[in-house]
Protein chains: 2
Amino acid sequence: MSSAPNVAIVGVTGAVGQEFLRVLDQRNFPIGNLKLLASKRSAGKTIDFKGKTYTVEELTEDSFGDVDLALFSAGGSISKKFGPIASEAGATVVDNSSAFRMVPEIPLVVPEVNPEAVKGIELGKGGIIANPNCSTIIMLVPVTPIHRAVGVKRMVVSTYQAASGAGAAAMAELEQQTREVLEGKEPTCDIFPRQYAFNIFSHNAPITETGYNEEEMKMVKETHKIWGKNDIQIAATCVRVPVMRAHAESINLELENPIDEKEVKELLSKAPGVSIIDDRAGNNFPTPLEASNKDDIFVGRIRNDISRKGTGVCGIELFVCGDQVRKGAALNAVQIAELLVK
Amino acid sequence: MSSAPNVAIVGVTGAVGQEFLRVLDQRNFPIGNLKLLASKRSAGKTIDFKGKTYTVEELTEDSFGDVDLALFSAGGSISKKFGPIASEAGATVVDNSSAFRMVPEIPLVVPEVNPEAVKGIELGKGGIIANPNCSTIIMLVPVTPIHRAVGVKRMVVSTYQAASGAGAAAMAELEQQTREVLEGKEPTCDIFPRQYAFNIFSHNAPITETGYNEEEMKMVKETHKIWGKNDIQIAATCVRVPVMRAHAESINLELENPIDEKEVKELLSKAPGVSIIDDRAGNNFPTPLEASNKDDIFVGRIRNDISRKGTGVCGIELFVCGDQVRKGAALNAVQIAELLVK
């Protein structure tokens, strides 16, 4: 494609949809025509982008005739229905939902990890690329360099996930609930069935027959697909914490070959998309607040696993934070599109 | 001792000190005379207990002449100075600080786990007993029955710790900061050097030369002492979350002998001090809010470790919540005292 691609954003009024616009602007992504799509309810709203005012249009089967790149973030059922329609109309779809992630022929891409997976896809010639789950992306950006160096055998990960993963309404509910609790009122529970303010809870995704919830299983299956290695052992526990928009993860790695904390720090200091905050003397490590509105995944608490001392097994522990809306969703999708523009 | 013991509470104006009074009242602990001790700053304040008004006295070297049981929760340096003084004066000390926990001849006790460790100590005849760290207690109450049944080889634990662990002032700061953030103001950071409202951070305890912080090392060393087994492999990551008074922990267990999730559930359903909330269909599991002001440790997400499938290694995962001020501190100390009254 010689000229700038025509871009559609599906679900533009949501938290990720809004972030798409910010990221496209900040990265100066080349855009021919821009089409902002949403549900009938949001159609007619106006949104400013790069000094121009756009009117949100209703998403229909005819929305994609002149679109080269469609960035979807409107939930799984919308993606399932309209993703193939957009692709057939010639738009290349980068989809933020879980709808296509595990379809074998659809690439599941973290640009720092497996950019080669988009090979053969051309902007404006259809095709669907899936954006991984936010928790998977935030884990794999820092863990992949270690995996490449010494091989990850097993991971035990516990997450500290922000409200944003459940959308803008969940972020608003967390804020509203917090006000209500501080005023001594009963908290409003519309999005989640329990109090979220000053509380944490096991991730609300349905529990599968494995005993793990769907969010946890995504971290397992998506890692297997992205790394192309189904025997990586992963045990995840996903938990929501009352934080607005960045996730944290406590990651314990068992490695195939020896590496120590200094070597890991060295490796990660050169890794794309990774920033290290690991000041032991000052007790300064990544926090979700500092990671918010940033592109990088922040890594700290890099240490040799003390439980492996004297066992002959090599273990490394990490604590990572990344913006769920940004690298966990919108930025990663735009980076995928950038692979196609290059 | 035939009559009810004379009791002193050291640090009565703190969060745990106040909880001592509630727990003693609720459990109808036998009390002869009650002496409320605190720093000079708090001396003269009055506190009501069981319909009687007490005046807080300044803690001095002469405070313990007629005391049989002294419950300490005033920080490590106060315990180090006044614990031995109280013991020499004939008071049996149950100490909530870390001052004596790792002293070999001083028992470190979780009543559900190692009540036999208090053997030989008699109320009113001196002696010091240490109360473990809150995170250790909350982990060991549910994990010990599993350890006894099949042997724990290794644990990987990530904590979600409440403000209360840093005292009443930290709880107040979390509340104040939250108000400030909601009002768009800069948050006041007196207790912690960073924003705690709508944020999480690696536990503020100093980092040791192992790369682990002191809180994490307590979980390792205290477990070794309480179980009397120094080869248990433990990797802990301690994190503060903006929750008021109950901790949560994500616990991954590697076991010496096989057991499955159903057997663990069965085992824990009979375990003292444990309540199970593990409703997979309803996605209902323990939360710190529900665990607050409760005596039990709540356990859920009991599941076979999927990362161990087909490996021949047995693994179990748990998610637990317990009140930090109560079972993590005041209740456990009073339960220790009850062992001595019996």
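An open sheet of 6 strands runs through chain A in the order β5-β2-β1-β6-β7-β8, with parallel pairing. Its edge strands are β5 (57-58) and β8 (128-130) of chain A, each pairing on one side only. The model is predicted. Chain A holds 8 helices and 16 strands. Its radius of gyration is 20 Å, close to the 20 Å that the globule rule gives for 342 residues, so chain A is as compact as a globular protein of that length.

**The parallel sheet in chain A**

- Strand β6 (residues 69-72) of chain A runs parallel to strand β7 (residues 92-95) of chain A, and 4 bridges join them.
- Within that pair, A:Ala70 stands opposite A:Val93 of β7(A).
- Helix α2 (residues 76-88) of chain A packs on the sheet. It touches β1 (7-10), β6, β7 and β8 of chain A. The direction of helix α2 makes about 160° with that of β7(A).
- Helix α8 (residues 326-341) of chain A also lies across β6, β7 and β8 of chain A. Helix α8 runs at about 150° to β7(A).

**The hairpin in chain A**

- Strand β3 (residues 46-49) of chain A and strand β4 (residues 52-55) of chain A run antiparallel, joined by 4 bridges.
- A:Thr46 faces A:Thr55 in β4(A).
- A:Ile47 has A:Tyr54 of β4(A) as its bridge partner.
- The hairpin has 2 residues between the strands. There, A:Lys50 takes a positive phi near 50°.

**Domains and overall dimensions of chain A**

- Chain A divides into domain 1 (7-131) and domain 2 (135-324).
- The C-alpha centres of domain 1 and domain 2 of chain A lie 26 Å apart.
- Domain 1 of chain A gives 10 residues to the contact, and domain 2 of chain A gives 15 residues.
- On the domain 1 side of that contact in chain A, 5 residues are nonpolar, 3 are polar and 2 are charged.
- Along its principal axes, the C-alpha trace of chain A spans about 65 × 55 × 40 Å.

**The contact between chains A and B**

- 48 residues of chain A are in contact with 48 residues of chain B.
- Which elements of chain A give two or more residues to the side that touches chain B? The strands are β9 (152-160), β10 (201-202), β11 (233-237), β13 (246-255), β15 (297-304) and β16 (314-323) of chain A. The helices are α4 (168-182) and α7 (288-291) of chain A.
- The side of chain A that touches chain B has 23 nonpolar, 16 polar and 9 charged residues.

**How the two copies relate**

- A rotation of 180° superposes chain A on chain B, with 0.0 Å of shift along its axis and an RMSD of 0.0 Å.
- That is the relation of a two-fold axis.
- The same surface serves both copies, as 100% of the contact residues of chain A recur in chain B.

**The sheet in chain B**

- Chain B has an open sheet of 6 strands in the order β5-β2-β1-β6-β7-β8, and the pairing is parallel.
- Strands β5 (57-58) and β8 (128-130) of chain B stand at the edges. Each has a single partner strand, so one side of each is left without a neighbour in the sheet.
- Strand β7 (residues 92-95) of chain B pairs with β8(B) in the parallel sense over 3 bridges.
- In that pair, B:Val93 has B:Ile128 of β8(B) as its bridge partner.
- Helix α2 (residues 76-88) of chain B packs on this sheet and touches β1 (7-10), β6 (69-72), β7 and β8 of chain B. Its direction makes about 160° with that of β7(B).
- Helix α8 (residues 326-341) of chain B lies across β6, β7 and β8 of chain B, running at about 150° to β7(B).

Notes
Residues are numbered from 1 along each chain as its sequence is written. Chains are lettered from A and ligands numbered from 1 in the order in which they are written. This is a predicted model: local features need pLDDT of at least 70, side-chain atom pairs count only at pLDDT 80 or more; totals for chains, interfaces and linings use all residues. Domain bounds come from an automatic or database domain assignment. Two residues are in contact if their C-beta atoms, placed from the backbone, lie within 7 Å. Ala, Val, Leu, Ile, Met, Phe, Trp, Tyr, Cys and Pro count as nonpolar, Asp, Glu, Lys and Arg as charged, and the others, Gly among them, as polar. Copies are superposed by least squares on the C-alpha atoms of residues with pLDDT of at least 70 in both. Two strands pair if DSSP finds at least two bridges between them. Axes are lines fitted to C-alpha atoms, for helices over the stretch in contact, and angles run from 0 to 180 degrees between N-to-C directions. The radius of gyration is taken over C-alpha atoms; the globule rule is 2.2 Å times the number of residues to the power 0.38.
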